[in-house]
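Let us take a walk through this structure together. Have the sequence and the 3D view at hand as you read.

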Amino acid sequence: MAELVIRNLHVSIEGKEILKGVDLTLPQGEVHAIMGPNGTGKSTLAYTLMGHPSYEVTEGEVIYRGQNVLDLAANERSLLGIFLAFQYPVGIPGVTVANFIRSAINARRRSINPEDKGVPLLEFRREVKSQMELLRMDPAFAGRYLNDGFSGGEKKRAEILQMAMLKPEIAILDETDSGLDIDALKVVSDGVNTLKGPDLGVLVITHYQRILNYIQPDVVHVMMGGRIVESGDKDLALHLEERGYEWIREKVNGIA
Ligand code: ADP
Ligand code: MG
């Protein structure tokens, strides 16, 4: 069983250190959630894993299958079996959800074999249909133009469908922007619940505890001040819902 290992990760934005030594191990086959108050660096972690150029890694590593993921380009991360949400460019006119996913699959096939002719259209259509049935999505959605006036829920639907089609071993999903959208939350939860299994590890970075009413994570991590300060099972999430984050802050500071 492969695992994604984040080790002593330090990340700065514009010279300001945001992540101050994140340690986290995500094995294939498990669903982990990261929670934490606003401004603690959750999205910074997501963007760093996605290779966003504004996020400067000053220390640490992210190892998957013997490679430092941080040294790899986005397509190489995908080849390695890592799915990073928001990998796609936003709002490309005239490109449908299906076309976009097909070109992502073909790009990946071509980076394995430059001679590859791409996934045959019929085979692709069959697979999209079957994944959409599995995910209980309206088949018409595949024909929509990508991000053309998409709601938070529809953006997430495109993301989850892409994930279902690319079949990654590790998926990292950030709730940025859509945290207030209950439809988006449900799309992500249903998708994760449907697709999870022994071959898929999922890291859900969430800004709102209520996603955990829909997803049952194996492990919940709490991030504070740019570090993982507490990990536990789903009871930890319930505890946070009841008592907020203050008790952890006190524990971390050694006051309590
Ligand atoms: P979270 O997702 O946990 O709410 P973020 O990772 O978005 O936290 O932000 C962590 C800190 O980094 C905050 O203090 C925020 O102001 C700062 N930050 C995030 N993105 C940027 C950016 N692009 N430029 C400057 N500061 C940023
Ligand atoms: Mg955020």
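What follows looks at the ligand and then at some pairs of helices.

This is a predicted model, in which local features need pLDDT of at least 70, side-chain atom pairs count only at pLDDT 80 or more, and totals for chains, interfaces and linings use all residues. Residues are numbered from 1 along each chain as its sequence is written, chains are lettered from A and ligands numbered from 1 in the order in which they are written, and side-chain values use heavy atoms, with hydrogens and water left out.

Around it are 14 residues, of which Gly39, Gly41, Lys42, Ser43 and Thr44 come nearest; a residue counts as near if one of its heavy atoms lies within 4 Å of the molecule. A backbone N or O atom of glycine 39 is 2.7 Å from an oxygen atom of the ligand. For threonine 40, a polar backbone atom lies 3.2 Å from an oxygen atom of ligand 1. Threonine 44 takes part through its side chain, where an N or O atom is 2.5 Å from a ligand oxygen.

Now to the helices. Two packed helices are described by the angle between their axes and the distance between the axes. Helices here are DSSP runs (H or I, at least four residues), numbered from the N terminus. Their axes are lines fitted to C-alpha atoms over the stretch in contact, with angles running from 0 to 180 degrees between N-to-C directions.

Find helix 5 (residues 152-166) and helix 6 (residues 182-195), which pack at an angle of about 15 degrees with axes 7 Å apart. Helix 5 is therefore roughly parallel to helix 6; angles under 35 degrees count as roughly parallel, over 145 as roughly antiparallel, 65 to 115 as roughly perpendicular and the rest as oblique.

Phe124, Glu127, Val128, Gln131 and Met132 of helix 4 touch Leu161, Ala164 and Met165 of helix 5.

How do helix 7 and helix 8 pack? Helix 7 (residues 234-243) and helix 8 (residues 246-253) pack at about 105 degrees, with axes 8 Å apart, and are therefore roughly perpendicular to each other. Here Leu236, His239, Leu240 and Arg243 in helix 7 meet Glu246, Trp247 and Ile248 in helix 8.

How values were computed. Helices (H or I, at least four residues) and strands (E, at least two) are DSSP runs, numbered from the N terminus. A polar contact is a pair of N or O atoms within 3.5 Å; within protein, one must be able to donate a hydrogen and the other to accept it, and residues adjacent in sequence count only if both atoms are side-chain atoms. Contact means heavy atoms within 4.5 Å.
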